[in-house]
Amino acid sequence: MMRRRLGRGVYDSSAAEIALTEWEASLLVEMYGVNRSKVRVVPNGVEDVFLEPVNAAGRRGNHLICTATVTERKRVLELARAAVKARVPVRFVGAPYEENNAYCRAFRELVASHKDLLEDAGPVDDRRRLAGEYRQAAGFVLLSAMESQSLSALEAAACGLPLLLSDLPW
């Protein structure tokens, strides 16, 4: 009766079910009676390197970190302006979509004129190094105007960072 009330019937007619973890897959099987052969686990993207325990001797810096593409919808220029006004150091990790557009130029000019507070670290492709970047920061900030779900925010949270995020549905 409980399974029926929870909507089990919808699973009977599906071709497959997607879970983000093995634990979620087991819930589908045990709670909803989904046939295990129909369940596929598609990880949420947070790699193990971000889930490793933080070294207790490691010290966090006093800066925030923002890992985002330099583009209008990620609002890195607006974040940089706010950081300058509030006198909060921010390290930006990411590459621009277009190196020579007006938004990117304005961002780079602001960073260059406030080297005491702002740092443009560019992209970091090595996942272990990126996890280290998160673990050296005091917090993570992403003021994106549009986001479905931020993998960067999930990675930062996995590294134990407090998050400051836009109020978006995810």
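**Helix pairs and a pocket**

User: Which residues in α7 meet α8?
Analyst: R127, L130 and Y134 in α7 meet L151, S152, E155 and A156 in α8. Contact means heavy atoms within 4.5 Å. Helices are DSSP runs (H or I, at least four residues), numbered from the N terminus. By class, this contact has four nonpolar, one polar and two charged residues. (Nonpolar: Ala, Val, Leu, Ile, Met, Phe, Trp, Tyr, Cys, Pro; charged: Asp, Glu, Lys, Arg; polar: the others, Gly among them.) The model is predicted: local features need pLDDT of at least 70, side-chain atom pairs 80 or more, while totals for chains, interfaces and linings use all residues. Numbering starts from 1 along each chain as its sequence is written, and side-chain values use heavy atoms, without hydrogens and water.

User: How do I read the packing of α7 and α8?
Analyst: Two packed helices are described by the angle and the distance between their axes. The axes of α7 and α8 come within 9 Å and cross at roughly 65°. (Axes are fitted to C-alpha atoms over the stretch in contact; angles run from 0 to 180 degrees between N-to-C directions.) Therefore α7 is roughly perpendicular (65 to 115 degrees) to α8.

User: At what angle do α5 and α6 cross?
Analyst: Roughly 25°, with the axes of α5 (residues 76–86) and α6 (residues 102–113) coming within 9 Å. So α5 and α6 are roughly parallel (under 35 degrees). V76, L77, E78, A80 and R81 in α5 meet Y103, A106, F107 and L110 in α6. This contact has seven nonpolar, no polar and two charged residues.

User: What lines the largest pocket?
Analyst: A pocket is an open set of 1 Å grid points where a 1.4 Å probe fits, with protein on both sides within 12 Å along at least five of seven lines; lining residues have an atom within 4 Å of a point. Here 18 residues line the largest pocket, with T67, A68, T69, V93 and S152 nearest its centre. α7 (127–136) and α8 (151–158) are the elements that give two or more residues to this lining. The lining residues divide into nine nonpolar, five polar and four charged.

Key: Angles under 35 degrees count as roughly parallel, over 145 as roughly antiparallel, 65 to 115 as roughly perpendicular and the rest as oblique.
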